[in-house]
Amino acid sequence: MTHDATSARCVSCGMPLNYDRIIHGDAAKPASADDGRCTVCRTGQTRQEEGDESHERLLDLCIRLAQGKRGWVRRLSSAVARLPGVGQTRVGALANILSSVPARTDASKYDAMVLYSGGKDSTYMLVQLAKKGLRVCAWMLDPGYQSPQAIRNAENLTRSLGVPLIVEKKDKVMADGLFRAGFAIDRHSDTELVKGAMTFGSACWPCFSLIAVSACRFADEHQIPLCFIGTQRGQNRLNLEGGDVLTSTALPKVSSLVSRFVKPFRRALPAPVPELALDAEESTFPTVLIPFYEFVAKPEREQQIRAIEAYGWSLPKNTGSCSSNCMINELGRAVMRTRFDFDLYDVIDANERRLGNPADPHAAQGPDPTAVALGATLINLTDQEKKVFKIHPLREAKSAQHQ
Ligand SMILES: [Zn+2]
């Protein structure tokens, strides 16, 4: 792929055209051939009738099934799903979803786990779920980059909700190695790695791989029927079997995260890492993954923050504007911009626009220089790495921010 310094965006949805070309296999085509629009907008695939319809009642039914109640609904759903011709209909999709929810067993410690980052989206989700009367735990991975404020938030909030908090700490040297492997992927890497880094993020992909393996092991060990994830809809459209839940074929298994994220990422590693050595087939309990915000609409930012502040949550000041828990997120964005001329949030925002949702104004601002410098210090970037990633030292970054 040739270097495109203009970092052109689709005039219609804002998708970076460099990303569009590599995802749709048109890497050799110049931007001018696209009349300024991405492949999706040009071929009229946008706005697949999603609407803002709430599926909260469906979610509540899934929860009852996980709790071992309403067994007749699962039996009926399985029967309906097998009827000829019903597969592609809304009823068929509903039947597929309901029959895919496993029931808890006597050995199940919880009905549900929440992939809990401590950030505002997963916090709001946890608060809503805690009100639903199910045995839920907040499961958090700390690879060494959680803001201390995010940890305090998690402790305060779970205490006031009466929800168990499980924090899995990872060896930071190991985690640093994974992040470096993510940062090392550039436009000259093999195409599948480039697609992965562009889609899941230079810093988020390694972190999410670690989360996927550890969460799968936890869900399996405790036989947890449901695993909730608080990714936004524009993010789910990347690669989480996104799409309107009522048109999906079944809820994805939590182990599908391993085949989707971890397996391809392992190819970026210079040597095998035991923490990522898990294959989807090794999970025996069929935990399903529930993308919460496909079922329940996410309120606008200020309203969401007010709702969780009532439980003792407060916005960290050292994470930049796109994350409310992670201190390496902005460095990841900066590395992506150097590598690919855009960052993860540009892609997520374009997906939101395609769905007719407003984009996050913070993404357009670019990475926060102070948070970028903090991330660089935490991971001990060498001078050579800083030069390659075009990262400025903290003092310059501070003055740049105040300009
Ligand atoms: Zn577009």
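I call a residue buried when its relative accessible area is under 20%, exposed when that area is over 50%, and partly exposed in between (1.4 Å probe, protein chains only). The model is predicted, so I take local features at pLDDT of at least 70 and side-chain atom pairs at pLDDT 80 or more, while totals for chains, interfaces and linings use all residues. Residues are numbered from 1 along each chain as its sequence is written, and side-chain values use heavy atoms, with hydrogens and water left out.

**Entry 1: domains**

I looked up how the protein chain is divided, and found domain 1 (1-47) and domain 2 (57-309). The bounds come from an automatic or database domain assignment. Taken over C-alpha atoms, the centres of domain 1 and domain 2 are separated by 30 Å.

**Entry 2: the zinc ion**

Which residues coordinate the zinc ion? I found Cys10, Cys13, Cys38 and Cys41, each through SG, at 2.2 to 2.3 Å. Donors are N, O and S atoms within 2.8 Å of the metal (3.2 Å for Na, K and Ca); water is not among the atoms, so sites may look incomplete. I noted the spacing of the donors along the chain as C-x2-C-x24-C-x2-C. Cysteine 10 lies in the segment before helix H1 (17-23) and cysteine 41 in helix H2 (residues 39-42), so this pair, 31 residues apart, links distant parts of the chain. Helices (H or I, at least four residues) and strands (E, at least two) are DSSP runs, numbered from the N terminus.

Why is the arrangement tetrahedral? The four donor atoms subtend angles of 105 to 113° around the zinc ion, which makes it so. Four donors count as tetrahedral if all angles lie between 85 and 135 degrees. The ideal angle for four tetrahedral donors is 109.5 degrees.

I also checked burial: cysteine 10 is buried at a relative accessible area of 4%, and cysteine 41 is buried at 9%.

**Entry 3: the sheet**

I followed an open sheet of five strands, in the order S3-S2-S1-S4-S5 with parallel pairing. Its edge strands are S3 (165-169) and S5 (288-291), each pairing on one side only. From one strand to the next the twist averages 25°. Two strands pair if DSSP finds at least two bridges between them.

I went through the pairs. S1 and S2 are parallel over four bridges, with valine 114 opposite alanine 138 in S2. Strand S1 (residues 112-115) and strand S4 (residues 226-229) are parallel over three bridges. Valine 114 also stands opposite phenylalanine 228 in S4. S4 and S5 run parallel and are joined by four bridges; isoleucine 229 stands opposite proline 291 in S5.

**Entry 4: what covers the strands**

Is S2 enclosed or open? Seven of its seven residues are buried, so S2 is largely enclosed by the rest of the structure. On one side I listed Val136, Ala138, Met140 and Asp142, and on the other Cys137, Trp139 and Leu141. Both faces of S4 are covered too: Leu226 and Phe228 are buried on one side, Cys227 and Ile229 on the other.

Definitions and conventions:
Four donors count as tetrahedral if all angles lie between 85 and 135 degrees; four count as square planar and six as octahedral if opposite donors are over 155 degrees apart and all others between 65 and 115; anything else is irregular. Axes are lines fitted to C-alpha atoms, for helices over the stretch in contact, and angles run from 0 to 180 degrees between N-to-C directions.
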